[in-house]
Amino acid sequence: MFYDTLMFLHLYTVVPCVFIGGFLLIIKKGTLIHKRLGRIYMILMLFTAIVTLFMPAAVGGRILNHFGWIHLFSFLTLWTVPTAYLAIKKGNVKSHKRKMVLLYFGAIVIAGAFTFTPGRYLHEVFFT
């Protein structure tokens, strides 16, 4: 699959997560809308993380001529989503909340900020 296809697939799945995740952080927890949107959010986050693993690092050093520092956020997502899901299924609300906040700010806010650095596609779209 071509890099551009993967990049757009990643954007199409992660952009809704910016809004859904932010909304989930501010609404009342445990409601039906929270649970349903939470499932959608988790599925989209897992899908987008898997997609990014097939995208070679475009900026900075590479490990195995493929993975860059930004891929750490993909692995963070692949670990956090299932463990957050299991935590809430076991009734561990505190752990679930901590993991979901970590996921949003780590994989959406911080990783998203890196996508605006020079040499990346979103930097070109917004700043050139």
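Asparagine 65 is exposed, with a relative accessible area of 62%, and sits in the loop between α2 and α3. Its phi is near 55 degrees, a positive value in a residue other than glycine. The model is a predicted one.

- Most residues other than glycine have a negative phi.
- Leucine 64 is also not a glycine, and has a positive phi of about 55 degrees.
- Leucine 64 is found in the loop between α2 and α3, and with a relative accessibility of 73% leucine 64 counts as exposed.

**Packing of α2 with α3**

- Helix α2 covers residues 32–53 and helix α3 covers residues 71–89.
- The axes of these two helices come within 9 Å and cross at roughly 150 degrees.
- An angle over 145 degrees counts as roughly antiparallel, and α2 and α3 are therefore roughly antiparallel to each other.
- The crossing of α2 and α3 is left-handed.
- From α2, the residues that meet α3 are Arg39, Met42, Met45, Leu46, Ala49, Ile50, Thr52 and Leu53.
- On the α3 side they meet His71, Ser74, Phe75, Thr77, Leu78, Val81, Pro82, Ala84, Tyr85 and Lys89.
- By class, this contact of α2 with α3 has 12 nonpolar, 4 polar and 2 charged residues.

**Threonine 77**

- Threonine 77 lies in helix α3 and is one of the α3 residues that meet α2.
- Is threonine 77 buried or exposed? At 2% relative accessibility, threonine 77 counts as buried, since buried means under 20% relative accessible area.
- Leaving aside neighbours within four places in sequence, threonine 77 is in contact with Met45, Leu46, Ala49, Pro82, Leu103 and Ala107.
- Among these, Met45, Leu46 and Ala49 belong to the α2 residues that meet α3.

**Packing of α1 with α2**

- Helix α1 (residues 3–26) packs with α2 at an angle of about 150 degrees, and their axes are 9 Å apart.
- α1 and α2 are therefore roughly antiparallel to each other.
- α1 passes α2 in a left-handed crossing.
- α1 contributes Leu6, Leu9, His10, Thr13, Val14, Pro16, Cys17, Ile20, Gly21, Phe23 and Leu24 to the contact.
- α2 contributes His34, Leu37, Gly38, Ile40, Tyr41, Leu44, Met45, Phe47, Thr48, Val51 and Thr52.
- The residues of the contact of α1 with α2 divide into 15 nonpolar, 7 polar and no charged.
- Met45 and Thr52 of α2 take part in the contact with α1 and also meet α3.

**Alanine 113**

- Alanine 113 lies in helix α4, which covers residues 93–114.
- Alanine 113 is partly exposed, with a relative accessible area of 46%.
- Alanine 113 and tyrosine 3 are 110 residues apart along the chain, and their C-alpha atoms are separated by 20 Å.

**Aromatic pairs**

- How many aromatic pairs does a search of the whole structure find? The search finds 6 aromatic pairs.
- The rings of tyrosine 104 and phenylalanine 105 have centres 5.5 Å apart and planes at 85 degrees, so this pair is edge-to-face.
- Tyrosine 104 counts as buried at 12% relative accessibility, whereas phenylalanine 105 counts as partly exposed at 42%.
- Phe116, Phe126 and Phe127 are linked into a cluster by ring pairs.

Key:
Residues are numbered from 1 along each chain as its sequence is written. This is a predicted model: local features need pLDDT of at least 70, side-chain atom pairs count only at pLDDT 80 or more; totals for chains, interfaces and linings use all residues. Side-chain values use heavy atoms; hydrogens and water are left out. Axes are lines fitted to C-alpha atoms, for helices over the stretch in contact, and angles run from 0 to 180 degrees between N-to-C directions. Helices (H or I, at least four residues) and strands (E, at least two) are DSSP runs, numbered from the N terminus. Angles under 35 degrees count as roughly parallel, over 145 as roughly antiparallel, 65 to 115 as roughly perpendicular and the rest as oblique. A crossing is left-handed if the near helix is turned anticlockwise from the far one by less than a right angle, and right-handed if clockwise. Contact means heavy atoms within 4.5 Å. Ala, Val, Leu, Ile, Met, Phe, Trp, Tyr, Cys and Pro count as nonpolar, Asp, Glu, Lys and Arg as charged, and the others, Gly among them, as polar. Buried means under 20% relative accessible area, exposed over 50%, partly exposed in between (1.4 Å probe, protein chains only). Rings of Phe, Tyr and Trp (its six-membered ring) pair if their centres lie within 6.5 Å; planes under 30 degrees apart count as stacked, over 60 as edge-to-face and the rest as tilted.
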